[in-house]
Amino acid sequence: MGSDIRFGWTGAIGSVILGATRSEGGTRKISYRVGGGTTLPFLDHAPASSPLVALEICDEPQYWPQIVRNYCGDLVDDVSAWATTAETVYGADLIRLYLTSTRQRNFSDIPLVGKAVEEVLSATGLPLIIEGSNEPGIDSEVFQKCGEAGEGERLLLGTAEAGRYRSIAAAALAYNHSIIAQSPIDINLAKQLNILLREIGIQQDHIMIDPYTGTLGYGFEYSYSAMERIRFSALKGDADLAMPMICSAIDSLTIKEVREADTAYQDEMAVAWEFYAGLAAAVAGAEIICVRHPKTVGRLKKAFTSLKTGSDPTGRI
Amino acid sequence: MALKALDIYKLLPKKNCKECGDPTCLTFAMKLAGGKADVDLCPHLDEQAKAVLGASTRPPIRLVKIGIGERSFAIGEEFVLYRHEKTFYHPPGIFFKVSDTQTMEEVSAVTKRVRDESFIRVGSDLRCNGIALENSSGTKEMFAAAVATVEKAADLPLVLISEKTESLFAALVHCGTYRPLLHAATKENFKEMCALAKHHDCPLVIKARGLEQLAQLAKECALEGVQDLVMDSSPQSLGEFITASTAIRQLAITRAMPDLGYPVFLDATGSDIQDAAIALGIVKYASVIVTAPLSEASAKAALTLRQNIYTDPQKPIQMNPGLYRVGTPGKDAPVLMTVNFSLTFFTLQGYLESTRIPCFMLVVDTEGLSVLTSVAAGKLNETLVRDALIRFGVENEVAHKKLIIPGYAAPLSGRIEEMTGWKVLVGPRDAAEIGEYLEQEWKK
Amino acid sequence: MHTVTFLPGYRKIEVPRETTVLDAAQRAGLNINVVCGGQGKCGKCVVYVQSGKTEFDQQKNLKFFTQEELAQGACLACQATVQGDLQIIIPDSTLIQEQKILIEGLDTGIELHPSVRKYYVELLPPTLSDPSPDLSRLLWGIQKNGGPVAEKMYAPLEALREIPTLLRHSDWKVTGTIALVPGGYRLVDLQENDTSKRLYGAAVDLGSTTVVVYLWDLVAGKMVAVASNYNKQISCGEDILARVNFAKKNGLSKLQALAADSINAALTTAANSAGIDREDIYEVVVAGNTVMTHMLLGIDPGYMIAEPYVPVVRRALSVASGRIGIACNRNGGLFLFPAVSDFIGGDIIADILACGMAEKEEISLLIDIGTNFEVVMGNREWMFSCAGAAGPALEGGEVLFGMRANPGAIDKITIDPATLDPAYSTINGIKPRGLTGSGLIDLLAELLMNCVIDRNGRINTGFNHPRIRTGVHFPEYVVVRAEETDIGKDIVLTENDIKNLIMSKASVHAACVTLMKEAGISRQQITTIYFAGAFGNYLNKMNAATIGLIPEIPISQIKNIGNGAVTGANIALINRRKRKTLDEIATKIAYIELNAEPAFMDEYTSSAFLPHTDLSLFPEVQKMLDTCRLHRG
């Protein structure tokens, strides 16, 4: 009797290409093929790529967690420098730029959005994830602007939801970017959104699923299972769920446990909270883990390296 | 794999004799399929059917108890590979490791930490579980002395780590009746280890590299009369651990290799990134996790992850409906309506606390559904809000009639105003924005 | 006593002071719409006091009326009490209008084996050499003429008292009526001369809205008349819950009497149209839901509507018709269908009998949709059932321009792919007043196929078309422009309506799938889907599949059994042997409580998409949608 694990998978996770190097028509130093897994995470006998770690930054820091502002100091006021540091010092694989400036009341300075994207693109050679507005009224223009500013760079644009996906999809289609499809912690809703996107012409290899990540202790278990179920269904052959996943437990740095931790080890608490959720999410199937505390980046990357090594090709130990 | 009600029904006598307490064989079959009845309740089953049904309902992973008394706990008896298929039942024990080469003070201090430290979340008291004592000295005297120190400090479940049987023998003089977990039996020493474990009725870790080797060792230990086993595949990396523990779980629950049907042991201290090992162990089937004493941050994150993963996914955690206070709200404090899905409640509560604006939270009974879902399902409606306002006497608490509702409940605002006579203010969709909202909308 | 005159029909009634206007109207035979059961909560029973004095609580009225309306004399009929002679105007909208009622049933080729038979006998008078008693003489005669063995027959005391005179008066030529009752063969009637051809029975569907009666000639085995009537209990509350609450407050007797009256009214109409005497109706078979059955028998249904939902009785029952006031032969019998649970009642057992699913090897799925729905799946060996609330959307409720199957309701609709203009038909062919369930399903399917809505039911406002508007609260599609309607405003379907419809259809589909999963059955294993009830009859089956109301199986395998309750009752009436199986069927069915089923919520979310999140469950619909959506581009 053999001790290999046989799951009998019939499907595989599709891949999404993020970033474009000069030879690929962009200006990035590197591009990634995200996804492509053929079994449960970290069980591949021939390892595919490790999960990637993205550092989240923003163009208007008043909406950003105090802990990051304290830790990074003046850096947060200069989005270009922040992006450069994320790459060179913190060691992020990707940058996720939140256009928080659009959250300001009656925001209408659309060109500013384009400028922020361009600045970050020139400050870093890493592929970029852009998080657009939260305001249906300006969605269309903001996404259009982002798409245009990043033309050729194969950005990942966020975030499409079941109730608002048309404008972001239009921008992605026009400029060949990929999009994040976010649904509220439910495999069916995730699948429904993917179908809606497919029906308006978004290719499967341009979608990343964001099943919405509840913070550790605040619904993380629901997200964990939603991710496991999505990965499981994809491997069982459900093409409408066979997209790689992105995870961002964005409330990690503002929840009570972190906020009220003793200042002496508040950073440590923040990192622990992001790290535990990020690692578990990767095990459940997330391919891009987004974090906000710079110190979490390196720790997650180190852990993923250890997870990716040591599996004997026979599946035995 | 789990049998469907109809498959079970086909094996039943179909007499509808009601002797099992159910009106028909079909309803009995439904209960059996759901694990809500015992096969033995049917007096008319033939042996063959009993064998089939019995095998499908017996747990594929053995239940093993560690320790005695208040802090003792059980591991194993799991049924599924993914928690969404049913649930995970027995959370892993987390043991702080100390060595018999450390000073008595150090050993005692760590023991007292595990004894005393607790962390309350969502109404549960979260704690690490016990002490893992390693026989680094290699001498039985020091090991025994260290055990005595631990025992003096607290009645905690123990893992005794030594490959020397004489060391364990000496230690068991002090704690042999308290069901410590012995680590570890190997191919070389299993006979003596089994004798020890059997004599003291202790659970035993078996250690080998390779699943076949583990299964073989488990079989041999069982032959020696020790069945309360825990398996250590001694992984050299996190990758090795996840591969082995997934394989063990999968092969055990499908009964492809019944000899692997025991809980799994993980020594996280072996990893250079201990937090990663702990997190991995929690989500991927470890039942005993040994770690160096954790920082407060790591302990809280690990315990929270463990709580999350071992929550029954089919039960939404609910709050009691009522009027909750944040700070000491006065007569003009805002009243925020929310649902009794605990996740929503605690998230909102967290943000409200940080606003430093005292306020009331009116929690209505949406049967544990979130705002979005309960609005969609019609559970959250104007009648529910009105009844809650009345039942919890909100009018006596505040001198205004303004109610802030969640952004996702905006479609209900008109109907709530009509039915309650309260002025409804629509708050943000995202709880994180509640501070800003109150600053701008409430204070003005 | 005061005289109340109801306008515009000038119906008059004498009532004591303090009677409510509602009560007076009901006594005058007017069917007033009372959803809340007369608690002053629903605001439906609007009437206008033309002249005379009434008393009512001004505060309660303020909620429902403007000052202007109050000045015109508006009040709620259930709250206003008579304080003198009155003239009351009842607006049309307050009266319950006649609906398109379903009286067809599935034709059954059932053998005639009624439980009651008549035997004409010509007896030899007694002599000194043949002095056997009258009763023996009669029973032997019946036996000789093909009746049951004399020893197995008995005559109740009332009959014995009549026998001597009747036999001699008729010159020993009599017709005896023998019924098979739980105690044996009972002589229920004895008539002079040959009346053996005059033997009738009635099958009754006792619905909460409608009562349908089929009258059968039990000698010829022929149906002779059909009649239907509103369930008069509607005046005590539109839905079952309201009526149970009414019973709690005011006692059960009124509801019991109204239920019997409703049956009697239909029975009388049927008897009149067939030209027969009600006294010749010897048996009445009733199929009704569990609460209706309890109410008809005068049994308290109150414990059924709250946890743990326990009915008093669920087995089949036989009672004397006279004891509950059914106007047939004074010694007639009443047979009531058994139930499975509070939610799966005798009407569903009758459906099962009607479609024959309990006799088949193949697996069938039976669906009965109203505001609540019931689903039964299984074959002759096993059956699972469940019930749930579909929400009123499929019946036209909770939809802005939704309505019941009343005149003017759009019941069929198609959309021209080129112009996006609809073509429709209405009930009675009058100008449209709204949309009924089948029309709504058509519309949803058509909008989907023409890409006006996405699979989530969201209207694509990007469409530049005058029929697609952003609306006041929600985006909407204009079905009929104001000038073409009977109501003078645009009939629209809003995104919110669509959401309600999707939620309703998702409940039904999720219930089907939950049963299928419980049994481990795939949709390919389902041989037939039966639709019972009015809903199925107007339904476009293809469109029902297109929106994912039911699991996809070949359209030819979807059947309407129409009013299965009355069909089942017919079968049980004309063939008593079928009755024996009923209790067995009822016991065999396992009931699944959907709320206790964690998988149900998951199935529900999955079903809340058009047609479904798992498109592989709807391969044909998917193909069709792909084609027509491709066409649209």
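This is a predicted model: local features need pLDDT of at least 70, side-chain atom pairs count only at pLDDT 80 or more; totals for chains, interfaces and linings use all residues.

Guide: A salt bridge is a side-chain nitrogen of Lys or Arg within 4 Å of a carboxyl oxygen of Asp or Glu. Such a pair is formed between chain A and chain B by the side chains of A:Glu228 and B:Lys284 (3.8 Å, N to O). Between chain B and chain A the count is three salt bridges.

Residues are numbered from 1 along each chain as its sequence is written, chains are lettered from A and ligands numbered from 1 in the order in which they are written, and side-chain values use heavy atoms, with hydrogens and water left out.

The interface of chain B and chain A also holds 14 residue pairs in polar contact, both residues being at pLDDT 80 or more. A polar contact is a pair of N or O atoms within 3.5 Å; within protein, one must be able to donate a hydrogen and the other to accept it, and residues adjacent in sequence count only if both atoms are side-chain atoms. Several elements of chain B each supply at least two residues of the side that touches chain A, including α9 (238-253), α10 (274-283), α12 and α17. Helices (H or I, at least four residues) and strands (E, at least two) are DSSP runs, numbered from the N terminus.

In total, 60 residues of chain B are in contact (heavy atoms within 4.5 Å) with 54 residues of chain A. About 5000 Å² is buried between the two chains, and carbon and sulfur atoms give 62% of that area. Buried area is the accessible area (1.4 Å probe) that two parts lose on being put together, summed over both. On the side of chain B, B:Tyr82, B:His84 and B:Thr243 lose the most area to chain A, together 11% of what that side buries.

One of the contributing helices, α17 of chain B (residues 434-442), has B:Ile434, B:Gly435, B:Tyr437, B:Leu438 and B:Trp442 buried, that is, under 20% relative accessible area (1.4 Å probe, protein chains only). These residues lie on the same side of α17(B), because they cover an arc of only 160 degrees around the axis, taken from the directions from the helix axis to the C-beta atoms. Their cover includes β14 (335-339), α12 (342-355), β16 (402-405) and β17 (423-426) of chain B.

Conventions:
Buried means under 20% relative accessible area, exposed over 50%, partly exposed in between (1.4 Å probe, protein chains only).
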